[in-house]
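Please read this briefing next to the sequence and the structure. It goes through selected local features, grouped by topic.

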Amino acid sequence: MPPTTTTQSDDPPTVPADSAKPDPWLPRVLRHDLPASLVVFLVALPLSIGIAIASGAPIMAGLIAAVIGGVVAGLLGGAPLQVSGPAAGLTVVVAELVSTFGWKVTCAITVAAGVLQILFGLSRVARAALAISPMVVHAMLAGIGITIALQQVHVLLGGSSQSSAFENLTALPSQIGTAHLDDVLVGAIVIAILLSWKYVPATVRRVPGPLVAVVAATALSLVFPLDVERIALDGTLFDAIALPALPDGQWLGVATGVLTVALIASVESLLSAVSVDKMHTGPRADLNRELLGQGAANITSGVLGGLPVTGVIVRSATNVNAGARTRASATLHGVWVLVFSALLAGLVQQIPKSVLAGLLIVIGIQLIKLAHLRIAHRTGDLWVYGVTAAAVVFLNLLEGVLIGLTLAIALVVWRVVRASIHAEPVGTPQSRQWRVVVEGSCSFLALPRLTSVLASVPPESHVTIEMTVDFLDHAAYEVIEEWSRQHESNGGTVLIDERGTAEMAAAAAGPPTRTTDGTAQLSRRGGFAPWRVWQKYLPHPAPDGQTKQPSPRALRSVLAGISDYHRTHAPHLRPHMDDLHDGQNPDSLFLTCSDSRIVPNIITSSGPGDLFTVRNIGNLVPSGELDDSVEAALAFALDELGVSSVLVCGHSGCGAMKALLADPDLPHPQSSGSIAVGRWLEHAQPSKRAYLAGHPVARAAAESGFGAVDQLAMVNVALQLQTLQRHPLIGAAMSEGRIHIAGLFFDIPTARVLAVSTSTISELDPDSAPLASLSAPLG
């Protein structure tokens, strides 16, 4: 290595190479990736041979694909820890191509599929390939697993597989009757070892189970004179290298094969890469680059006479679990396969075919994941899974996947566009009130159900149509409008209550769209949007002499709100009010400011009958029992209603606190012309003095970034808590444990509620304990 120079002055010294700091990459590879590559090699070797046999290809074609998948895809791919090679997922496709076109044409199809994968990668559509339903992919793999198992069970029994799954299934009884016991024995040993390997100690499991099974069964067949059929090789790895051949006609079938191999290899590689990303915390996969690497590997494998290559989740998971850190592990595993194939290929000929058949049967069965079946059952996709798997087994892989995708898309469309529609009577039979509920996406596809339900409503009834829809097209709009017109002409009434984000008027005004921006309308339904948000379209006052307005402008917002309440909230409120018509039983007394921005039921998510509310300017509890209104409320709440807590809630930007701070030099605040307000705010003077004296709540509020007015508002809450503690009724009830008190502060800009004690403030965690615990610091 030439010496390394470093410029540190005008006359730079020469640093010898052996004194340079070693590259940390090499120790990391030697420590982690080299051992991992050996583990992956031991797993990949028998799998590659078995997949080649199951595909009807030359045995060496599986080893060539393993070498190319490891080296080329490992170096060029975008998923560093993914291991590529021949995959069981393409076994059925390759077997059909080999039987139809021959091996060399199949190699040409592999090359063309690789070119197509490179085009996929260059067009950056890798993410789009993941739009295929995972349930279809899982079912496809299950179908492939069943097909492989049906093929290889004949080999395990000493026979040969048939050309189709149906023939393999129907020929199975006769094959069992003529089973070759020696082949069954060694195959059964492989299956037994693989199925029981997960139960052996962890230190033993470091050796790959497939390798142990193949070696043990092969050794048994050699030690004992068993009559089994063994693998036969025609030449060496280099003898197996052969250029592909162009097809002689059947171009449509060839094109279908190219597309099939390219799509399946791409989807399987991408899904495997995504799965591998979930298994480690290193660099994420570049999916477009992964397609380029897979395409280059398939071109190379096809040119050299190898099987198609994909990313393989079994080998990739083994790679991650073995501790691989970089792409060096995948690349080295390909090198080890090359070394073995070139120097030790004679060992392969000692392996019985039934041994690899047992290995492939287990692999095929393991492609059927019980977890996928449980997910399919839980999510309602079991039909998609079953139909896809059956179509892959009894038709072919491409047709099975297309059928599965079509069924999955149809199921999604049905779930998305369907509407839940039903009608029910409301109230007594004499009231003739009916409610029609339309939920979901209401389009022309829902017209049969919609017209049937509307026809079931008796004539001359009073109908409310609740439209909780996010999509409404013109066809559905016309049906509802026409039915409403006819129903009203026959003496009935119709009220359309639009609860969803899609409006009737919009369906008639333009093309239908799925509406998701319904914040104002949805918040209005929840009862917390101000009038100005949803009353944008109220009629403006008419000029003098024109159409008379139905009500004075000063009352219009209130009356519109009451009308909306009758249409939207009243029907849902009635069942709750039935329980309250004999009296109230509130949980808490809520004392807060008169400020219009504070709505106690919203910030406590409470309903009718929950809060006994007292409001005054500045949320004050005058000391010395000087205010009859507050005193009466406290006594009634405690003695008559038996509330369990008293809450005092202040808020930011309080006008009363601003008035207190208007002139600190004055002994009492200016009331802006209102003597009554000034007299009332005299009750807040203790809060002002405590604030000016540096009350700890003021300091805590200042440290949290609140201004002077809000600091005083929090101190005021703390002082009202102290007043309540000294109150004869409240204090006695607290000492007996019958009541708790707590302070709150509503920060208007953030719409958050803080907890206030007599000494500090704190965030009110939504998942915290009940409010009663907030009074703990107040003792």
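**Salt bridges**

Arg 435 is partly exposed, at 24% relative accessibility. The model is a predicted one. A search of the whole structure gives 9 salt bridges, and Arg 435 forms one of them with Glu 466.

- In the pair of Arg 435 and Glu 466, the closest N and O atoms are 3.6 Å apart. Arg 435 sits in strand 6 and Glu 466 in strand 7, 31 residues apart, so the pair links distant parts of the chain. Glu 466 is buried, because its relative accessible area of 6% is under 20%.
- A network of salt bridges links Glu 424, Arg 435 and Glu 466.
- Glu 460 and Arg 432 form a salt bridge in which the closest N and O atoms are 3.8 Å apart. This pair also links distant parts of the chain, its members being 28 residues apart. Glu 460 is in the loop between helix 21 (447-455) and strand 7 (462-472), and Arg 432 is in the loop between strand 5 (419-426) and strand 6 (433-442).
- Glu 460 is partly exposed, with a relative accessible area of 41%. Arg 432 is partly exposed as well, with 38%.
- Arg 752 and Glu 763 meet through their side chains in a salt bridge, with 2.5 Å from N to O. Arg 752 belongs to strand 13 (residues 752-756) and Glu 763 to strand 14 (residues 761-763), 11 residues apart.
- The relative accessible area of Arg 752 is 35%, which makes Arg 752 partly exposed.

- Most residues other than glycine have a negative phi. Glu 460, which is not a glycine, has a positive phi of about 60 degrees. Its place is the loop between helix 21 and strand 7.
- Ala 751 is not a glycine either, and has a positive phi of about 55 degrees. Ala 751 lies in the loop between strand 12 (740-747) and strand 13. Ala 751 is exposed, because its relative accessible area of 54% is over 50%.

**Nonpolar cores**

- The largest nonpolar core has 86 residues. Ile 49, Ile 109, Leu 307 and Leu 359 are the members that touch the most other members. Helix 2 (residues 59-76) gives the most to this core, contributing 11 residues.
- Which residues does Ile 49 contact, leaving aside its neighbours within four places in sequence? Ile 49 is in contact with Ile 59, Leu 63, Ile 231, Val 348 and Leu 356.
- Another core, of 48 residues, lies apart from the largest one. Among its residues are Leu 591, Cys 654, Ala 701 and Ala 713.

- Gly 334 is found in helix 16. Is Gly 334 buried or exposed? Gly 334 counts as buried, with a relative accessibility of 0%.
- Gly 334 and Ala 66 are 268 residues apart along the chain, and their C-alpha atoms are separated by 6.2 Å.
- Beyond its neighbours within four places in sequence, Gly 334 is in contact with Ala 66, Val 67, Gly 70 and Val 71.

**Nonpolar surface patch**

- Val 335, Val 339, Leu 343, Leu 344 and Leu 347 make a nonpolar surface patch of about 440 Å².
- One of these residues, Leu 347, is in the loop between helix 16 (328-343) and helix 17 (353-366). Leu 347 is exposed, with a relative accessible area of 51%.

**Cysteines**

- A disulfide is a covalent bond between the sulfur atoms of two cysteines. How many disulfides does a search of the whole structure find? The search finds 0.
- Cys 593 is in no disulfide, and the nearest cysteine sulfur is that of Cys 654, 4.2 Å away. For Cys 654, which is in no disulfide, the nearest cysteine sulfur is that of Cys 593.
- Why does this pair not count as a disulfide? The sulfur of Cys 654 is 4.2 Å away from that of Cys 593, whereas a disulfide needs the two sulfur atoms to be within 2.5 Å.
- Cys 593 is buried, with a relative accessible area of 5%. Cys 654 counts as buried too, at 3% relative accessibility.

Notes:
Residues numbered from 1 in each chain as written. Predicted model: local features only at pLDDT ≥ 70, side-chain atom pairs only at ≥ 80, totals over all residues. Heavy atoms only, no water. Patch = residues over 30% accessible without salt bridge, like charges linked within 9 Å, V, L, I, M, F, W, Y side chains within 5 Å. Areas by Shrake-Rupley, 256 points an atom, 1.4 Å probe, with all protein chains shown as cover. Salt bridge = Lys/Arg side-chain N within 4 Å of Asp/Glu carboxyl O. Helix = DSSP H or I, 4+ residues; strand = E, 2+ residues; numbered from the N terminus. Buried < 20%, exposed > 50% of the residue type's maximum accessible area, 1.4 Å probe, protein only. Core = buried A, V, L, I, M, F, W, Y, C linked by side-chain atoms within 4.5 Å. Contact = heavy atoms within 4.5 Å.
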